[in-house]
Amino acid sequence: MNKRTLIFIAVALLAACALPLVVSNYRVFQFTLVLVYAIALLGLNLLTGYNGQISLGHGAFYAIGAYCAAILMDKFGVPYWATLLAAGALCLVVGFLFGLPALRLEGLYLALATFALGVSMPQLLKYHHLEKWTGGVQGVVIVKPNPPFGLPLNPDQWLYYFTLAVMIVMFVFAWNLLRGRVGRALIAIRDHHTAAEAMGVNTALYKSLTFGVSAMYTGIAGALGAIAIQFVAPDSFNIFLSITFLVGIVIGGLASIPGAIYGALFIQFVPNIADEISKAAPWAIFGIFLLGFVYVMPFGVAGAIRLLMARIARKAKNGPHTAGAPMAGKTQDSSHTAG
Amino acid sequence: MKRTFAPVTLIVAAALAASPVLAQKKYDPGASDKEIKIGNINPYSGPASAYGTIGKSIGAYFKKINDDGGVNGRKINYISYDDGYSPPKAVEMARKLVEQDEVLLIFQPLGTPSNSAIQKYMNAKKVPQLFVATGATKWNDPKNFPWTMGWQPNYQTEGYIYAQHILKNTPNAKIGVLYQNDDYGKDYLKGFKDGLGAKTNMIVKEVSYEVTDPTVDSQMVQLQSSGADTFFNITTPKFAAMAIRKAYDSGWKPAHYLNNVSASPGSVLVPAGLDKSVGLISTQYLKDPTDKAWANDPAVLDWNAFMKKYYPDGNLADASNFYGWAVAQTLVQVLKQSGDNLTRENVMKQAASLKDFVLSAALPGIKINTSATDFAPFESVQLIRFDGKQWVRFGEVMGK
Amino acid sequence: MDAFIHQVLAGLATGGIYASVALALVMIYQATHHVNFAQGELAMFCTYLAWSLINAGFAYWPAFLITVGLAFVLGVVIERVVVRPVENSPVLAVVVVFIALLVIFNSIAGWIYSYTIKTFPSPFPAEPFFGNKYMSSHEIGAIGVTLVVLLLLYAFFRFTPLGLAMRAAAQNPASARLVGIRVGWMLALGWGLAAAIGAVAGMMVAPIVFLDPNMMGGILLYAFAAALVGGVDSPGGAVFGGFLVGVLENVLGAFVIGNELKLAVALVLIIGVLVVKPTGFFGKVHVTRV
């Protein structure tokens, strides 16, 4: 990572920390949701963007994490931060177990299997034998935690900072994971499964583990989301949530860590913008936004930024007076180095 | 002579102090000399989008009120947001209304899940969650949630009434129930079972369906196969129409109790087939604007004129538009009663002080009553039976 | 036993619905190798167009034919205008385009026609055949229509040069171009035909489930499962899959697991089938060379 990227990240972090101090509580709440979705999208991106396994059912893992947090806080009085660990662990296991039989399925068929998971989730959560825990159709109400150590923050601001801290930890962890052997193995499996297998990559293990880790991320996001909204109900976690997540990573940028943040901003704010543009058919406007983004930036916002940076870098390298003629620029360059 | 001044001054001073006319105007955020900001959350998209027309009809009514001069000289500024029937979105919109738009109160938020999600927040923030658009029983809890109030007769009461009717008229009935697998369906079922009391074993089959199911044919076949001769139909309009039609087509002719939510001839019975709907029993608390019996009723004529002028796109066969008109009138009454004291506390107080308030839209004999311990405005209903052309009232007004 | 037969027949009736939509999904897959998630909403929208025509005074069959024609044109236009720009983009970007179409059509239908349910007429008689209590004439008729469409489709792909060209364009665009096939127009044609089949499905489904903008949502899921379990490149498999899913769902719900979990269990079973036989019952096994 070069110096320019580090500076960007530092500035972004500074802005993120300053945010709650300058905007209203309502906006802080919205941005907390953006951070939550960013973690969820990173999870999905690990699986779909980096590892090529399509999941149309990640809303289910989000739901499991949310309910885990809600039940632990409401029925067992577990402190909110501990529920994240529980939600993450549970989803890691569930994700891994789901990933195992899914190994046999490719592309469309995996999509269907995950789609089935996403669609069945509300029914499972409403199942009357589980009602004692899940609250059935009534859902579970939870209380927002107060800032610890008597910090001079209100609960909204505290939750924002807490979520930000969790997000940074998880993003760093993912970045570390992806830039080493594991990352290369995942991408190899995505791009050329058979070759990766031939090269000695244990594809079965990697694919299942990726499912698990991806579910873990989204589960932790679900737990944070539940704490932010203070309410969980089965029909909040329907198939449309899973589809929204998929849209988020494509718009944000597949196989990109900052893409998760762009995607989260998109899925949180664009529906609101669409609502303001047209009260009559807001989702049609949202659809048009989707089309626009995909046409202009087929590789997502992150992809577009990458292309833009590359173009700027190329222009800078070639110098201003050779902007239109790369060949000429090349010879000029080589003549420079030669002379 | 000096002595007479003092008592006069005292009397005048006392009169001034006691006179409410000269009392201070009191405003909470959202209220001012010029306007009253009213917030609303409705499902304009998503699975419950059919009910979005309620939010629109309410908006149309407020426009009429504004055209007629407003409430006590103040215009109503109506801000309505879409939550897509999703609780997280409802929470977001509630926060937007309260914290960003600074409305005086949130009126008629729709849907049990959405209202459940925002109930704690509204009460913590001490903002009225007034006349919620759901029949769930939990909104009548002034002790724990003093800022939340329902409006329509609750589902459990209605279910209870059907059960009582069955016990009285067909005590040996074998009952089959079809219910939507969510809060609304389960609430009705609970009231129904409570009404049966010790005789819940009269229910021989209980089947559920999801809103995402394409048809309920399989469930109807299951009920028919169970040998039930009485059917309690807890479904929303689309599924109610399918159930009524399938029962008839399969040759199953049970005593058929239909929940009030789907009793609209225009939205349900006509698609099902009027000839297939003969004998249906339901309850009603408002007049049915599509019913020919009320064709010349002043309230219905009023409403038709209102729709034509202020909501011409609205469907005249959709009872939701009549409902929206009626509930909006209730809010206007509460605001009128609040006078110049437009604090949230006073608005709740006025809402809890409606004594025998008669809405022209309500059936004769059915009045709105609220008190500090009774946050359920409508508690009585009338049993009705469909004769193939219209709903006919029978029996007396039941409930409280 | 009577209850079981009744459930199976009811399952065949709903299965017929799934089969017809699954056919449209398979059609578009065979032509473009994409699963179009917007197929259901497109079908719903075309059914509303038919409704408008009938309301304007057209008789049923003329309205039916005009709608099928309009659907074909709409499908072609969408392919050329909306899908063309992302032809060379990653697969998931194309999926997002389909999702965008889904929400756009759903939202516009709701805006123009409102969300109250409407009745849609059926060309079949109102009385059930032979006075039977199990399936209405329309349900039987709809299955008949689906089978006719299936036969036409099969004949088209198997016996006509155009059908062959379309299959070639989908399976190997590069080679198809080399033999002179206009791949772009083959894709557009595929979309047009799929839209037309979808419109037929919509007009057969609407009398049963009533016409409203959300009518296809639940059905699409089942149709998707049906298409895959039957083999996504086999039209016959899609129809078989539709009936299988319909009957399975009903039998599970009535006799095995109850209505609350029948969807989950049905899907688990389908996935079980796919794990054992990854290309579905009648799908062709694709061998990809390294």
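In which loop of chain A is the place of Gly253(A)?

Reply: The model is predicted. In chain A, Gly253(A) sits in the loop that runs between helix H11 (239–252) and helix H12 (257–277).

Gly253(A) counts as buried because it has 26 C-beta neighbours inside 10 Å, and a residue needs 20 or more to be called buried. Leaving aside residues up to four places away in sequence, Gly253(A) touches Gly259(A) and Tyr262(A), and also Phe299(A), Gly300(A), Val301(A), Ala302(A) and Gly303(A). Another residue to look at is Asn45(A), 208 residues from Gly253(A) along the chain. The C-alpha atoms of these two are separated by 8.7 Å.

Helix H7 itself covers residues 155–179 of chain A, which is 25 residues. From its first C-alpha to its last it reaches 36 Å, close to the 36 Å expected at 1.5 Å a residue.

In soluble globular proteins, nonpolar side chains tend to be buried together. Here the largest nonpolar core has 341 residues, and the members that touch the most others are Ala22(C), Leu23(C) and Leu25(C). Helix H8 (residues 183–209) of chain C gives the most to this core, with 19 residues. Chain B takes part too: its domain 1 (26–153 + 296–380) and domain 2 (155–284) both give residues, so the core lies between them. As for Leu25(C), its contacts, not counting residues up to four places away in sequence, are Val35(C), Asn36(C), Gln39(C), Ala223(C), Phe224(C), Ala227(C) and Ala238(C).

Chain C as a whole has 11 helices and zero strands. Of its 290 residues, 58% count as buried. Residues 24 or more positions apart account for 74% of the chain C contacts that have a separation of 6 or more. The C-alpha trace of chain C spans about 60 × 50 × 35 Å along its principal axes. Its radius of gyration is 19 Å, which agrees with the value near 19 Å that a compact globule of 290 residues would have.

Key: Residues are numbered from 1 along each chain as its sequence is written. Chains are lettered from A and ligands numbered from 1 in the order in which they are written. This is a predicted model: local features need pLDDT of at least 70, side-chain atom pairs count only at pLDDT 80 or more; totals for chains, interfaces and linings use all residues. Helices (H or I, at least four residues) and strands (E, at least two) are DSSP runs, numbered from the N terminus. A residue is buried if 20 or more other C-beta atoms lie within 10 Å of its own, exposed if 12 or fewer, and partly exposed in between; C-beta atoms are placed from the backbone. Two residues are in contact if their C-beta atoms, placed from the backbone, lie within 7 Å. A nonpolar core is a set of buried Ala, Val, Leu, Ile, Met, Phe, Trp, Tyr and Cys residues joined through C-beta atoms within 7 Å. Domain bounds come from an automatic or database domain assignment. The expected span of a helix is 1.5 Å times one less than its number of residues. The radius of gyration is taken over C-alpha atoms; the globule rule is 2.2 Å times the number of residues to the power 0.38.
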